[in-house]
Amino acid sequence: MSKIPMTGPSLTRMSSGSDRFRRLEPSADQSEAVKRLVGHTIAEIECELIVETLIDQGGSRTHASKILGISLRTLRNKIREYRKRGKILPEPRAH
């Protein structure tokens, strides 16, 4: 699975002040990125997103968990699960 750029907001609050959301029109790049996801499971996409975020953050679990919006414990559990399945993940940089 290739790295998928997803930039810019995809949701906006309606001006009426309600808690409902409406979609903004996606950019051409976003539309293409979503089309490339078709045929993959949510679990595959989640794994790829976690791996790519870890790579982007130099292996930092703390930074990756914040970007992904998940707890550090959840991230560590997912990393352990992926390693059991043979996935190679970046190690944190030594300070």
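Which helices do the buried residues of H3 pack against? I looked this up and found helix H2 (42–56) and helix H4 (72–84). I took contact to mean heavy atoms within 4.5 Å.

**Ground rules**

I noted that this is a predicted model, in which local features need pLDDT of at least 70, side-chain atom pairs count only at pLDDT 80 or more, and totals for chains, interfaces and linings use all residues. Residues are numbered from 1 along each chain as its sequence is written, and side-chain values use heavy atoms, with hydrogens and water left out.

**Confidence**

I checked pLDDT, the predictor's confidence in each residue, from 0 to 100. The protein chain averages 83, and 75% of the residues score at least 70. Over residues 8–14 the pLDDT is below 50, although this stretch has 17 contacts in the model beyond near neighbours in sequence. Where pLDDT is low, the predicted coordinates should not be read in detail.

**Overall layout**

I counted four helices and two strands in the protein chain. Their order from the N terminus is β-β-α-α-α-α. Helices (H or I, at least four residues) and strands (E, at least two) are DSSP runs, numbered from the N terminus.

I then looked at burial, where buried means under 20% relative accessible area, exposed over 50%, and partly exposed in between (1.4 Å probe, protein chains only). Of the 95 residues, 20% count as buried. Among contacts between residues at least 6 apart in sequence, 46% join residues at least 24 apart.

**Helix H3**

I listed the buried residues of H3 (residues 61–68) as Arg 61, Ala 64 and Ser 65. Seen down the axis of H3, they fall within an arc of 100°, so they line one face of the helix. The arc is that of the directions from the helix axis to the C-beta atoms. An α-helix has 3.6 residues a turn, so residues three or four places apart point the same way. On the face turned away from the buried side I found the exposed residues Lys 66 and Ile 67. Just after H3, Gly 69 takes a positive phi of about 75°.

**Helix pairs**

I read the axes as lines fitted to C-alpha atoms, for helices over the stretch in contact, with angles from 0 to 180 degrees between N-to-C directions. The axes of H3 and H4 come within 9 Å and cross at roughly 105°. H3 and H4 are therefore roughly perpendicular to each other. Angles under 35 degrees count as roughly parallel, over 145 as roughly antiparallel, 65 to 115 as roughly perpendicular and the rest as oblique. On the H3 side, Arg 61, Thr 62, Ala 64, Ser 65 and Leu 68 meet Leu 72, Leu 75, Ile 79 and Arg 83 in H4.

I found the axes of H2 and H4 11 Å apart, at an angle of about 110°. H2 is thus roughly perpendicular to H4. Here Glu 46, Cys 47, Ile 50 and Leu 54 of H2 meet Leu 75, Lys 78, Ile 79 and Tyr 82 of H4.

**Two single residues**

I located Gln 57 in the loop between H2 and H3. Gln 57 counts as partly exposed, at 22% relative accessibility. Leaving out residues up to four places away in sequence, Gln 57 touches His 63, Ala 64 and Ile 67.

I found Lys 87 in the segment after H4. Lys 87 is partly exposed too, at 33% relative accessibility. With the residues up to four places away in sequence left out, Lys 87 touches Cys 47, Glu 48, Val 51 and Tyr 82.
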